[in-house]
Amino acid sequence: METLAAERRIADRRLGRARFHVPERRTGFDRRDATRRRRDALLAAYRDRTGLIVAVLAAIVALNGADLALTHVALGRGATEVNPVMAAWFAAGTAPAALFKLSVGAAVAGGLWALRRYRTALAASLGIAAGLALVVAYLAAGVVAGA
């Protein structure tokens, strides 16, 4: 009997491969409001258009590169970098700063691509793209005004 019990013991399943879980379904009797349903419907439509997701992620990488180029121009005209991390990289040189900035942008886009089935990642991709577009517009306006 002891051998049968020893044979049935298995390793703790909780120590197996790591799983990433984002609870996105409602639980209990909570109701969703109309605004949330509309947003969820838009994100579901966005999720189903793979080409659009690829375009948004490519825009994130492109806007990241434009941010780098415009920041480099602004720094050449005497501006100061507000971001302390990028200031340290620009102090090390333009090439290391470019390598760091573009690799971080590509890593973010890759991470969002890997998590594209989650509403949070889809919303984050749109938010990041919009935020970078605002940063690039601000930098472009500053560069044009300084010219």
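**Figure 1. The salt bridge between Arg47 and Asp48.** At 38% relative accessibility, Arg47 counts as partly exposed in this predicted model, which for local features draws on residues with a pLDDT of at least 70. The side chain of Arg47 meets that of Asp48 in a salt bridge, with 3.4 Å from N to O. Asp48, for its part, is exposed, its relative accessible area being 55%. Arg47 falls within the span of helix 2, which covers residues 34–47.

**Figure 2. The salt bridge between Lys101 and Asp67.** In this view the side chains of Lys101 and Asp67 come together in a salt bridge, at 2.9 Å from N to O. Because Lys101 lies in helix 5 and Asp67 in helix 3, the pair ties together parts of the chain that are 34 residues apart in sequence. Lys101 counts as buried, with 16% relative accessibility, and Asp67 is buried as well, with a relative accessible area of 10%.

**Figure 3. Arg39, Asp40 and Arg119 in a network of salt bridges.** The three residues Arg39, Asp40 and Arg119 are linked in a network of salt bridges. Within it, Arg119 forms a salt bridge with Asp40, and the closest N and O atoms of this pair are 3.6 Å apart. Side chains of opposite charge can pair when their charged atoms come close. In the whole model the count comes to four salt bridges.

**Figure 4. The largest nonpolar core and the surroundings of Leu112.** The largest nonpolar core has 13 residues, of which Tyr46, Ile53, Val56, Leu57, Ile60, Leu112 and Leu122 touch the most other members. Helix 2 (34–47), helix 3 (50–76), helix 5 and helix 6 (119–146) each supply at least two residues of this core. When neighbours within four places in sequence are left aside, Leu112 is in contact with Leu57, Ile60, Ala121, Ala124, Ser125 and Ile128. In soluble globular proteins, nonpolar side chains tend to be buried together.

Figure 5. Val104, Val108 and Ile128 make a nonpolar surface patch of about 190 Å². Val104 lies in helix 5, which runs over residues 94–114, and Val104 is partly exposed, with a relative accessible area of 38%. Ile128, a member of this patch, is also among the residues in contact with Leu112.

**Figure 6. The protein as a setting for the close-up views.** The secondary structure comes to six helices and zero strands, and from the N terminus on the elements run α-α-α-α-α-α. Buried residues make up 22% of the 147 residues in the protein. The accessible surface comes to about 10,600 Å², and 64% of this area belongs to carbon and sulfur atoms. Among the contacts between residues at least 6 apart in sequence, 68% join residues that are at least 24 apart.

Methods
Residues numbered from 1 in each chain as written. Predicted model: local features only at pLDDT ≥ 70, side-chain atom pairs only at ≥ 80, totals over all residues. Heavy atoms only, no water. Patch = residues over 30% accessible without salt bridge, like charges linked within 9 Å, V, L, I, M, F, W, Y side chains within 5 Å. Areas by Shrake-Rupley, 256 points an atom, 1.4 Å probe, with all protein chains shown as cover. Helix = DSSP H or I, 4+ residues; strand = E, 2+ residues; numbered from the N terminus. Buried < 20%, exposed > 50% of the residue type's maximum accessible area, 1.4 Å probe, protein only. Contact = heavy atoms within 4.5 Å. Core = buried A, V, L, I, M, F, W, Y, C linked by side-chain atoms within 4.5 Å.
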